Amino acid sequence: MSPSWPGGKQRDKHGGALLASAPVRRVSVVGTSGSGKSTLGAALAARLGVDFLELDSVYHQAGWEPLPTPEFRRRVAAAAASEGWVIDGGYSKVRDIVWARADTVVWLDLPRRTVMRRIAWRSFRRAAGRVELWNGNRERWRNFFTLNKEESVIAWAWQTYASRRERYLAAMADPENGHLRFVRLTSPGAVRRFLRSAEPSPASGVDSGVDQL
């Protein structure tokens, strides 16, 4: 199994050492929709002083049209070629590209009830506020009225929760991923403690994003 930092109060000091170590420069943040990947990813990127990329912003073109796979892979490969980054997203179409370059994978494995509460509130807030996401796209009210996971991010999160969890458990045990450090965070508290364990000093002016998680 790949080396990992599983989190938890007794292991928090190891999280600080992990994030402060020189080899951690390219981090893949994964987890189901609504788990807090973007917030954590932005905070990690600020902590490490590297670029942050949301794969959703690349894949979802105007009108929620998906970017064709060859172009998606080309753009992600260009981003992953740099020396330091945090990339948020677990798209299977590009996971091989991201993980081939990554040194660390942070997996937000939060309870289903936490994920569903977060994603329902997030969708409501974005739809009601007409919040623009990527490339002019906005959340749609249909998220609340369909069980089709291709039409609703809420349905997607519910229906894919178990399969994604199995996928990442298998990935952690896969010898082919032996070059990666896995950080598995299983509660909001573990996420906050992980970031705080390596939080920049107030004098640095960096917003850690801890309070949003």
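Begin by selecting residues 153–173, helix α7, whose 21 residues at 1.5 Å a residue should span 30 Å, and whose end C-alpha atoms lie 28 Å apart, which agrees; the expected span is 1.5 Å times one less than the number of residues. Helices (H or I, at least four residues) and strands (E, at least two) are DSSP runs, numbered from the N terminus. This is a predicted model, in which local features need pLDDT of at least 70 and side-chain atom pairs count only at pLDDT 80 or more, while totals for chains, interfaces and linings use all residues. Residues are numbered from 1 along each chain as its sequence is written, and side-chain values use heavy atoms, with hydrogens and water left out.

Next, select T160, where α7 bends by about 55 degrees, the bend being the angle between axes fitted to the seven residues ending there and the seven starting there. T160 is also among the buried residues of α7, which include Y161, R164 and Y168; buried means under 20% relative accessible area, exposed over 50%, and partly exposed in between (1.4 Å probe, protein chains only).

Now move to the start of α7 and show S152, which has a side-chain oxygen within 3.2 Å of the backbone nitrogen of I154.

Then go to helix α6 (residues 112–128) and pick W121, which counts as exposed because its relative accessibility is 54%.

Finally, zoom out to the whole protein chain, which has 8 helices and 6 strands, and of whose 213 residues 45% count as buried.

How values were computed. A polar contact is a pair of N or O atoms within 3.5 Å; within protein, one must be able to donate a hydrogen and the other to accept it, and residues adjacent in sequence count only if both atoms are side-chain atoms.
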